[in-house]
Amino acid sequence: MNTTRALRTAALAALPVLAAAHAAPAVSTFGPLRNRVMPRLSGRGRPDHVALTFDDGPDPRSTPHFLRLLAEREVRATFFLLGRQAHRSPGLVREIAAAGHEIGIHGRLHRPLLLRGPRATYDDFSRARDTVAAITGREPTLFRPPYGVMSTAAHLAVRRLGLTPVLWTCWGEDWTARATPESVHRTVVRDLDGGGTVLLHDSDCTSAPGAWRSALGALPRILDTCAERGFEVGRLCDHGWAGPDARRRGTRSGRRSSAVS
């Protein structure tokens, strides 16, 4: 009886420690700290380039507008798709890929990872990855967590699945009801610099209704500002960012060097 009580007491004492360990990666949510000490997670790339990224799509009501604008401006971007949204609009996923845009995943459901255990986290990511892979014929390698908040379980899951997490250096706060094209542009350019990664949303499925219109309205001005500052705009894979493709190239190069020596 005393042994049972001791085990129960020890288990209860361990809970706060386990919870803290699970939530520890959430410190990366703090943008200024992340941008300064976690450049790879922030999506920091080469100084003459800006990576343009979109979350929460695809959405047949809004994503086509972004695709048309990007086509008109001859700009390619990276879209982090929700697995559930992709399952609902497979044709739109194929359209994004056919236009030359890069596709990552945003999870299957847009739910906080801190509230999920290891199995639920892994299942959510794997289902999103498999959904996109089945539609496009290519497994995505990039992952962006909902709300930009990682957990220990999320880090373990992405490693098992061969995914690389990437956040952003600046955003437009375009998900709120009070957002306007002017406010989105102003908020983005406040922190915009060469090598940065911009976050916008091409869907309002997790935002205020119609919020995507503010992002769409701001996009031409954001692109103009980048051009005025001498920044090329494109995908993460064009960003000089130390992502999965760069690491694979480095690994292959290292193997060749070893073979020669």
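Which side chain does that of Arg235 meet in a salt bridge? The partner is Asp238, with an N to O distance of 2.7 Å. A salt bridge here is a side-chain nitrogen of Lys or Arg within 4 Å of a carboxyl oxygen of Asp or Glu.

## Basis of the report

The structure is a predicted model, in which local features need pLDDT of at least 70, side-chain atom pairs count only at pLDDT 80 or more, and totals for chains, interfaces and linings use all residues. Residues are numbered from 1 along each chain as its sequence is written, and side-chain values use heavy atoms, with hydrogens and water left out.

## Salt bridges

The whole structure contains 10 salt bridges. Buried denotes under 20% relative accessible area, exposed over 50%, and partly exposed the range in between (1.4 Å probe, protein chains only). Salt bridges with shared partners also join Arg46, Asp48 and Glu232 into one network.

Asp55 forms a salt bridge with Arg144, and their closest N and O atoms are 2.9 Å apart. Asp55 belongs to strand S1 and Arg144 to the loop between strand S4 (142-143) and helix H8 (152-161), so this pair ties together parts that are 89 residues apart in sequence. Both residues, Asp55 and Arg144, are buried. Helices (H or I, at least four residues) and strands (E, at least two) are DSSP runs numbered from the N terminus.

A further salt bridge brings together the side chains of Asp193 and Arg44, at 3.0 Å from N to O. It links distant parts of the chain, 149 residues apart: Asp193 is in the loop between helix H9 (181-190) and strand S7 (197-201), and Arg44 is in the loop between helix H3 (39-42) and strand S1 (49-55). Asp193 is partly exposed, with a relative accessible area of 31%, and Arg44 is partly exposed as well, with 26%.

## Aromatic contacts

A pair of aromatic rings is described by the distance of the centres and the angle of the planes. Rings of Phe, Tyr and Trp (its six-membered ring) pair if their centres lie within 6.5 Å; planes under 30 degrees apart count as stacked, over 60 as edge-to-face, and the rest as tilted. The structure has 6 aromatic pairs. The ring centres of Trp168 and Trp171 are 5.5 Å apart and the planes stand at 25°, so this pair is stacked. Trp171 and Trp175 have ring centres 4.8 Å apart and planes at 65°, so they are edge-to-face.

Trp168 is buried, with a relative accessible area of 8%. Trp171 is partly exposed at 30%, and Trp175 is partly exposed at 28%. Ring pairs also link Phe54, Phe66, Phe79 and Trp212 into a cluster.

Arg160 lies over the face of Tyr122, 3.9 Å from the ring centre. A charge sits over a ring if NZ of Lys or CZ of Arg is within 6 Å of the ring centre and within 35 degrees of the ring normal.

## Strands S2 and S3

Strand S2 (residues 78-81) pairs with S3 in the parallel sense over 4 bridges; pairing requires that DSSP finds at least two bridges between the strands. Phe80 stands opposite Gly104 in S3.

Strand S3 (residues 102-105) is covered on both faces. Glu102 and Gly104 on one side, and Ile103 and Ile105 on the other, are all buried.
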